[in-house]
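Hi there,

Here is the structure I promised to pass on. Please have a look, and then read my notes below.

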Amino acid sequence: MTKTQTAHQNLLALLLLLPSLIILGIFVFYPMIKTFYLSTQLTDLVGNPIKFIGLKNFANLIRSDSFITSFTITLIFVLFSTVLTLFISYIMAITASQKMKGIAIFRTMFSSTMGVSVTVASILWLFMFNPQIGLFSKILTILHLPQINWLSDPTWSLVAIIGTTVWMNLGFAFLVLLGAIQAIPQDLYQVADLDGASWWLRLRKITLPATRPTIFFVTVVTLINAFQTFGQVDILTSGGPDYHTNLLVYAIYQDAFVNHSVGRASAQSVILTLIIMLFTMIQFYVKNKREGRNAK
Amino acid sequence: MFRNTTKYVALATIGLGAVLPLTQVHAADTKRQNIVFWHSMTGQNAQAIDRVVNDYNASQTKYKVIPEFQGQYVEALPKFLSVGGTSKAPDLFQSNEISTKQLSTSGMIEPMQTLIKKYNFSTKNLRKNILNYYTINGKLYSMPFNSSAPVLYYNKDAFKDAGIADLPTSPTYEQVTDAAKKLKEKSGRAKLSILPYGWTFEELLANQNQTLVNHGNGRKKTATKAIFDNKAGKNILNWIKTNADAGTLVDYGTGANAGDTELSAFTSNQIDMFMNSSASLGNIKKDAKFNVGVTYLPRPKNVKANGVVIGGASIWLSKGKSTKAQKGSFDFLKFATSAKEQAQWSIDTGYFAINNKSYDTKILKDAFKNTPILAAPVEQLKATKINAASAGALITSMPKERVNTQNAMENVINGKDVDSELSKAVKQTTADIKDANEQSGE
């Protein structure tokens, strides 16, 4: 291949990449760079930068109680909502992968939360958490247990948000995992049956390893979604009581659009970006390591 | 040939005759000056505001007001701030009371005062204590439009069943607590709700004639610190604590819908006492199947009621609009604040009629006669003393102050100490004021 031909090909490649480069540039890279820039600025009440203040926005954040609370509860929230989503949806998927009459009805029911929007789901749960007429309050009364203020107690409100989020995540996670389980070749199980392998052994040695890539995929998606939770918080608690459900994305929204501190909001965005990046890197590192080991 | 010519002439004449009125209508339409009006009214209130605008457009032919819904107050404000001063900015912009400081110093608006003189607009019939909120250093900045104030609602039938006398005009904390205890004895359940909401705290503070921030509630000059770390602030939190400890308090939390939950709990007999805006009266009247009692915001026993701070929203004029547009905007404001329009607006929505003359109109007089509970909010407003506390605080970091006081209220309900929660809220509010002042270069 001659030099001009290569140059031509490069040019062609660039030309073909151009549309996506432009779109990414405008909607991803430009806002990202601008956010980094704004995080080092003191901004006026409209959001325009006034002066360079270096890392002062970050220093202020670390010193602020509300940010530390937000940060801590975000990590707790992400951890619990991801683990619980994965665990429960996997159990649901195994149960629903059984071949029996009428199983399709259960499969539809289990995946039905996919069709519920965040707002609708939150309003639904808001009714259930009502301190007087809510479902949970009624159950506690029947069981003669003390009442719980689901949405106004610092600990229980986070539990409430996690519960709502897990419920909303279940449909999607269930469907993806069910697909993966059903794709496992049946002869593997038949051979295992011949050997008299127990249900537990088959799960550990066949089902789990075969669905590992899907589990990884669901984990990444749920984790990143969890970091970006917004609607449930707004409707159920608005970040209260005393910032105990003030997840980072909600805090960013509040600071940028309600409190008019764009600099502070940008600094929090940068921190959130770094955390998500770190988590994603850890996950891919673990995945690659595992695949490397399996290949040997 | 000749016959054909006649045909063509006839056709052309008819054609011209058909087109001519169209062009005339079109010409008349372009001659009308468009006035773009951004608002945040939803549901029943949106219909009411459309009615005001349609009435105005039908009443004259020079101007045409185009109402545009721009989301809730909190969503509309950043939109306005991002286009303010450009040709894309609306002529008129409705914004809530707590954005007053920010808009007045934004440089994107034209103070009402300068144009009031220019166009001979008279504010003499508008309610003094409502104008008071939007007046800074003797200058009116925006035109009051939809105004409300908090009142205490209670269920008269439930009171009767529990053998409690109706609450007096200006009830005390002690009387409310006492009633809450009796209601609990009777029903076995908590029947009082004090929503952890910054606005409620501000109002309860103003009712004790205490300012939220220094420098005359930030109205003499820019406020530099919060000063509610005193007896008045403690009174409020102690009252909440007393009821939380006695198990007479229901806590609906801080979610975006907590206010709606509280409201529907009241109309469905889940709770029997709560405080809310007088603008909710319309909904309560419609949904409640019992005798509703409406009375003034409570006060501590040994403190005289000072009155309430006006809430709701006002209408701002954009800076840099043409004289013609300004004239039209003013013409519309004159119409919207007129006695007749405000009377109908008040009946449609539950907001106050801001024009004193509205109370002499037949429709409003009839409404008051048919539903006497409409009177309490107006009476409370009339009884309100005009001073710095009832004028309301003027700071940019108002949304943060609301979160701080809300946290203090919620923490006290959850059993934390009153004194430390109050001083924490005051300290944080002062820090927020300092940050905001730095941002606005003050």
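At what angle do helix α9 (residues 198-206) of chain B and α19(B) pack, and how far apart are their axes? In this predicted model, the angle is about 85° and the axes lie 7 Å apart. Since angles of 65 to 115 degrees count as roughly perpendicular, α9(B) is roughly perpendicular to α19(B). On the α9(B) side, the contact is made by Gly198(B), Trp199(B) and Phe201(B). Facing them from α19(B) are Glu401(B), Arg402(B), Val403(B), Thr405(B), Gln406(B) and Met409(B). By type, the residues of this contact comprise four nonpolar, three polar and two charged.

Next, the interface between the chains. Here 27 residues of chain B are in contact with 26 residues of chain A. Four helices of chain B, namely α3 (73-83), α12 (258-267), α19 (398-413) and α20 (418-439), each supply at least two residues of the side that touches chain A. Of the elements on that side, α19(B) gives the most, with seven residues.

On to chain A, which has 13 helices and two strands. Its C-alpha trace spans about 80 × 75 × 30 Å along the principal axes. The radius of gyration of chain A is 24 Å, whereas a compact globule of 296 residues would have one near 19 Å. Of the 296 residues in chain A, 32% count as buried. Among contacts in chain A with a separation of 6 or more, 68% come from residues 24 or more positions apart.

One residue of chain A that I looked at is Thr35(A), which sits in helix α1 (residues 3-38) of chain A. Is Thr35(A) buried or partly exposed? Thr35(A) has 17 C-beta neighbours inside 10 Å, so it counts as partly exposed. Leaving aside residues up to four places away in sequence, Thr35(A) touches Ser266(A), Ser269(A) and Val270(A). The C-alpha atoms of Thr35(A) and Ala265(A) are separated by 9.0 Å, although the two residues are 230 residues apart along the chain.

Finally, a word on confidence. The model scores ipTM 0.83 and pTM 0.86. For chain B, the mean pLDDT is 90, and 93% of the residues reach 70 or more.

Happy browsing, and best wishes

Key
Residues numbered from 1 in each chain as written. Chains lettered and ligands numbered in written order. Predicted model: local features only at pLDDT ≥ 70, side-chain atom pairs only at ≥ 80, totals over all residues. Contact = placed C-beta atoms within 7 Å. Axes fitted to C-alpha atoms, helices over the stretch in contact; angles between N-to-C directions. Parallel < 35°, antiparallel > 145°, perpendicular 65-115°, else oblique. Nonpolar A, V, L, I, M, F, W, Y, C, P; charged D, E, K, R; others polar. pLDDT = per-residue confidence, 0-100. Buried ≥ 20, exposed ≤ 12 C-beta atoms within 10 Å, placed from the backbone. Rg over C-alpha atoms; globule rule 2.2 N^0.38 Å.
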